[in-house]
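Have a look at the structure first, and then we'll walk through it topic by topic.

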Amino acid sequence: MGYLVDSQKKGGGSPWSACLRSLVRRKQVDSVHARAGVGHQLARELSVLHLIAIGVGSTIGAGVYILVGTVAREHSGPALAISFLIAGIAAALSAFCYAELASRCPSAGSAYHYSYICVGEGVAWLIGWALILEYTIGGSAVARGISPNLAFLFGGEDSLPAFLARQHIPGFDIVVDPCAAILVFVVTGLLCVGIKESTFAQGVVTTLNVCAMIFVIIAGGYLGFKTGWAGYELPTGYFPFGVDGMLAGSATVFFAYIGFDSVASTAEEVKNPQKDLPLGIGLSLSICCTLYMLVSIVIVGLVPYYSMDPDTPISSAFAHHGMQWAAYIITAGAVTALCSTLMGSILPQPRILMAMARDGLLPSFFSDVNKHTQVPVKGTLVTGFVAAVLAFFMDVSQLAGMVSVGTLLAFTMVAISVLILRYVPPDEVPLPSSLQESIDSVSLRYSKSSQEINVGKPVVYVGTSKDSTLPLLGRKESAIDHPVSEKQEAQGILNEEKRRKIAGWTIMLTCIGVFLLTYSASSLGLPGLLRFTLCGVGAALLLSGLIVLTVVDQDDARHSFGHSGGFICPFVPLLPIACILINVYLLINLGAATWTRVSVWLVMGVLVYAFYGRTHSSLLDAVYVTAAQADEIYRNSGGSLA
């Protein structure tokens, strides 16, 4: 029979044990049966071009127009393009992991959805909660940056109409930004119209931004060849800050690639997710990396790195060569980049809220999909309203680090999910307790079949992750009729169980090793002996984990996990482990102030989960059965979840 996950309601086990079980319960990859209980569906309207528009538009913000000056002056020098290349390769590691999971599990929710399937409900909740913070703060910060650029196009800070200009409120010491709030409301309304229409608008705005960057590349290249590329003819050489400075620049510009994960959040709205999602993620990241590198090559060559204006490096570089008018094109590009990024920040959040509400972790209000526009209108309106209020009243630029926490946590968990999928994929399917009669019937049939094979010696299946595929073999009398075949079968099952245990423990110890290594390497204030000891232990765990996972066979069930025929992440386990290492290092180096703010938000999330999400989860009364029995149980029940 199937195993009831949360036995607290059934009177079994302590409340603490029930709570711990709820943290590790995992949901099923969306199937035809699972979708049967969902109301209106999202519209499948997106193609590869739409996904590229979302990916590029969400990634290339106005920051690149400032970042090149700051990083070149302080870290990379003329080697800025190499810093962007290394950061792009690091981002590609996460992109590979996203591409496999998005094609195997094409449903709304992105990293939250993958974590729920591969890791468990507790971790998935924290990832979803962190992503809510990321997109809210990110959207507000982007909207807040649009009005100064618009003011420049109109002739200065005092040139905007009064109803759009920033106003200082005396007595409260705050500066309100009506322009930012209005733009958020406009974008929210556009997103409510329909995914195809809003993506088309984002594509138009993104195209204008890309055209502005192409202008910088072509016009800057012409000036460079005309003037002899003065920025590269320096006595300090190509690496004035050394290789360490160039790598530090890579860590800084890595955040310029954040945004391509927005593509994965639209997985449920893609026409051909197995093919189009990996292409959309890969092409959008490649386009961004190419544009970043070309802009860097041109701008660093026009002006020596130490002479760059840290606030307006590109426009000042053109002004240095007598092209002051180019500043208007560059500012227009910055405005379009911000508008496109604003759309990319607001677009994913309603879909994450919808996915969490479908799973019962948030109120069902957020799971409603409008039957006409086929988008989660209610969730979009709530998201837009909150972002507009924040953008109107608060300067959230000091909270920008909190955006990075959500993204890097998601990147890390996606890489861990790939390792779990390859080595210890979930071997059970959660079914609603309403199907208990069909579950008992099928389990009884399996039991009778086993009794016939084993001549009265039943093979009992228990629906826990530890024992779901492990029959209770090993009785001495069971070897009477089939002494060779049964021994071989038992040995194979025991070996597979041992392999899964070894792989599972290795993945966990590898993650611990990554944390110890990155923490000790970053914490210069630790005593020398303790620091080197932690560093050595972490490095040993990391290297041992990589070796063990390379030697251990991957699980055969990975071939049938989720939707087959999509992208397969290469170089496993090396690539996911490298991805985890990079992201954890960046997380640890975000600073204590950022982590203090994020911790407050995460504690709030824990309370919401404890008092609402855990007790309303759709898996609260789930019965877990082996995957082999699930389809037959659905057929016996008439294919209904009711």
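Searching the whole structure turns up 24 aromatic pairs, where rings of Phe, Tyr and Trp (its six-membered ring) pair if their centres lie within 6.5 Å, with planes under 30 degrees apart counting as stacked, over 60 as edge-to-face and the rest as tilted. This is a predicted model, so to speak: local features need pLDDT of at least 70, side-chain atom pairs count only at pLDDT 80 or more, and totals for chains, interfaces and linings use all residues. Residues are numbered from 1 along each chain as its sequence is written, and side-chain values use heavy atoms, with hydrogens and water left out.

**The big picture**

- The protein has 24 helices and five strands; these are DSSP runs numbered from the N terminus, with helices being H or I of at least four residues and strands E of at least two.
- Of the 642 residues in the protein, 53% are buried, where buried means under 20% relative accessible area, exposed over 50%, and partly exposed in between (1.4 Å probe, protein chains only).
- Among contacts with a separation of 6 or more, 83% come from residues 24 or more positions apart; a contact means heavy atoms within 4.5 Å.

**Aromatic pairs**

- Phenylalanine 84 and tyrosine 292 make a tilted pair, 5.2 Å centre to centre with 35° between the planes.
- Phenylalanine 84 sits in helix H5 (residues 80-104) and tyrosine 292 in helix H13 (residues 273-302), so their pair ties together parts that are 208 residues apart in sequence.
- Both phenylalanine 84 and tyrosine 292 are buried.
- Phenylalanine 254 and phenylalanine 255 form an edge-to-face pair, at 5.9 Å centre to centre and 85° between the planes.
- Phenylalanine 254 counts as buried because its relative accessibility is 2%, whereas phenylalanine 255, at 27%, counts as partly exposed.
- Phe225, Trp229, Tyr232, Tyr238 and Phe239 are linked into a cluster by ring pairs.

**Nonpolar cores**

- The largest nonpolar core has 161 residues, and those with the most contacts inside it are Tyr65, Tyr98, Tyr292, Ile299, Ile314 and Phe318; such a core is a set of buried Ala, Val, Leu, Ile, Met, Phe, Trp, Tyr and Cys residues joined through side-chain atoms within 4.5 Å.
- Helix H18 gives the most to this core, with 15 residues.
- A second, separate core of 10 residues includes Val429, Leu431, Ile439 and Ile633.
- Leaving out residues up to four places away in sequence, tyrosine 98 touches a list of residues including Tyr114, Phe260, Ile281 and Phe411.

**The second largest pocket**

- This pocket has a volume of about 1,500 Å³.
- Of the 49 residues lining the second largest pocket, Gly61, Ala62, Gly63, Val142 and Leu338 are the closest to its centre.
- Here a pocket is, on a 1 Å grid over the protein atoms alone, an open set of points where a 1.4 Å probe fits, with protein on both sides within 12 Å along at least five of seven lines, and lining residues have an atom within 4 Å of a point.
- Grid points are joined across faces, edges and corners, and a volume is the space filled by probe spheres set on the points.
- Helix H15 gives the most to the lining, with eight residues.
- The lining has 23 nonpolar, 20 polar and six charged residues, with Ala, Val, Leu, Ile, Met, Phe, Trp, Tyr, Cys and Pro counted as nonpolar, Asp, Glu, Lys and Arg as charged, and the others, Gly among them, as polar.

- Helix H16 (residues 348-358) is mostly covered, with 10 of its 11 residues buried.
- Its cover includes helix H6 (111-118), helix H10 (195-227) and helix H17 (377-393), among others.
- Glycine 360, which follows H16, has a positive phi near 85°.
- Valine 375 is in the loop between H16 and H17, and at 0% relative accessibility it counts as buried.
- Valine 375 and leucine 42 are 333 residues apart in sequence, yet 5.8 Å apart in space, C-alpha to C-alpha.

**Serine 296**

- Serine 296 lies in helix H13 and is buried, with a relative accessible area of 1%.
- Setting aside neighbours within four places in sequence, serine 296 is in contact with Val68, Leu80, Ala81, Phe84 and Tyr232.
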